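Subject: Structure handover

Hello,

Here is the structure for your work. My notes on it come after the model.

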Amino acid sequence: MMYSSRRKPVLYFKEEKRFPLSLWRCSRCSVFQLFGLCVVLVLASLLWLQLTCSGDMSSSQQQRSSPPCPPPVLLNHNQDPDPSSWGPHKLALVVPFRERFEELMVFVPFMHSFLNKKKIRHKILIVNQIDHYRFNRASLINVGFLESGNDTDYLAMHDVDLLPLNEALDYSFPGEGPFHVASPELHPLYHYKTYVGGILLLTKRHYKMCNGMSNRFWGWGREDDEFYRRLKKAELQLFRPTGITTGYKTFQHIHDPAWRKRDQKRVASQKQEQFKVDPDGGLSNLMYSVESRQEMTINGAPCTVINTKLECDQETTPWCILG
């Protein structure tokens with residue numbers, strides 16, 4: 001921090017008045033006295049300018065610490081008069097969520113407009129974790145799958161802070177196999193070959209074949225890597241975009257790590273367990289309760305908020321609570 005905005009320029013005003021009053025009481029002013037008066041006035045002006053600049057710098061620094069400005073959002077939310085003409089499939093866009101309201105305000109209108117423009121029938125499900133345990137992205141996606149209803153036949157596991165900027169990206173029904181939209185060649189942050197996070201499309205049948213995602217991952221990270229192994233175990237072929245020329249500018253990542261820090265702590269035996277495959281866990285041992293469902297619109301875009309409480313078996317995963 002350069003200077004604090006708490007500095008009051010009035011302190012310098014008091015010192016400035018003492019010098020010229022004593023000089024102007026003289027009936028005659030010598031050349032040296034006039035020169036001294038000019039020096040005092042110049043110094044006072046410089047001090048005032050310095051204080052003004054420091055205040056501006058302090059206020060601009062406070063602005064930089066606030067959440068980033070949202071990107072431009074497509075404004076046309078109107079669907080086709082007959083959405084059934086868009087095709088027989090309907091997407092459940094599942095968003096694991098907790099407390100990122102600034103990002104949600106941008107995400108829902110943007111994605112609703114983006115999918116409408118591509119004529120993708122969809123509904124946006126915000127699975128909001130409201131319990132006292134650590135954030136569990138994988139379990140929330142499992143909840144979204146089970147709560148998505150019979151009117152959808154495929155889902156998108158979608159991060160709330162990742163916006164697709166290239167309209168050539170495909171969100172259509174992935175009948176041949178899971179389709180990783182945010183591939184390592186395009187994602188702005190993660191570029192390793194086995195990465196399947198960010199945005200992944202699957203049919204509901206394929207998701208069941210994997211038994212969903214493991215519920216053992218409390219805190220941030222590693223659940224995607226374990227799910228990659230599940231895809232291989234189920235012998236599902238993974239597909240990724242081709243012909244996209246926008247590279248790492250294909251998506252906009254609106255998460256500010258300085259504003260919202262991720263829970264990356266590894267406690268107890270979590271360090272050793274995070275690299276192991278969970279052979280039995282997933283949809284079959286998910287424990288949760290839905291406290292409420294809320295239908296709402298954000299800037300004209302509809303979404304469903306599923307307020308969810310997860311349950312944790314602290315004997316098997318004691319790291320669901322930070323000590």
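Predicted model: local features only at pLDDT ≥ 70, side-chain atom pairs only at ≥ 80, totals over all residues.

Core. The largest nonpolar core holds 35 residues. Leu91, Leu93, Val108, Met111, Ile126 and Tyr171 have the most contacts inside it. Several elements give two or more residues to this core, including strand 1 (91-97), helix 3 (101-117), strand 2 (122-129) and strand 9 (301-310). Helix 3 provides the largest share, 8 residues. Leaving out residues up to four places away in sequence, Leu91 touches Leu115, Ile120, Tyr154, Tyr171 and Leu201, among others. Another core, of 30 residues, lies apart from this one; Ala138, Ile141, Phe145 and Leu200 are among its members.

Aromatic pairs. There are 9 of them in the structure. In one, Phe97 and Phe101 have ring centres 5.4 Å apart and planes at 75°, so the pair is edge-to-face. Phe97 is buried at 2% relative accessibility, whereas Phe101 is partly exposed at 47%. Phe114 and Tyr171 also form an edge-to-face pair, with centres 5.6 Å apart and planes at 70°. That pair joins helix 3, which holds Phe114, to the loop between strand 4 and strand 5 (179-180), which holds Tyr171; the two residues are 57 residues apart. Phe114 is buried, with a relative accessible area of 3%, and Tyr171 is buried at 0%. Ring pairs link Phe110, Phe114 and Tyr171 into a cluster.

Pocket. The second largest pocket contains about 300 Å³ of space. Its lining has 16 residues, with Asn215, Arg216, Asn285, Asp313 and Thr316 nearest the centre. The lining divides into 5 nonpolar, 6 polar and 5 charged residues.

Regards

Definitions and conventions:
Residues numbered from 1 in each chain as written. Heavy atoms only, no water. 1 Å grid on protein atoms, 1.4 Å probe; cavity = no way out; pocket = protein on both sides within 12 Å on 5 of 7 lines; lining within 4 Å. Points joined across faces, edges and corners; volume = space filled by probe spheres on them. Nonpolar A, V, L, I, M, F, W, Y, C, P; charged D, E, K, R; others polar. Core = buried A, V, L, I, M, F, W, Y, C linked by side-chain atoms within 4.5 Å. Buried < 20%, exposed > 50% of the residue type's maximum accessible area, 1.4 Å probe, protein only. Helix = DSSP H or I, 4+ residues; strand = E, 2+ residues; numbered from the N terminus. Contact = heavy atoms within 4.5 Å. Phe/Tyr/Trp six-rings, centres within 6.5 Å; stacked < 30°, edge-to-face > 60°.
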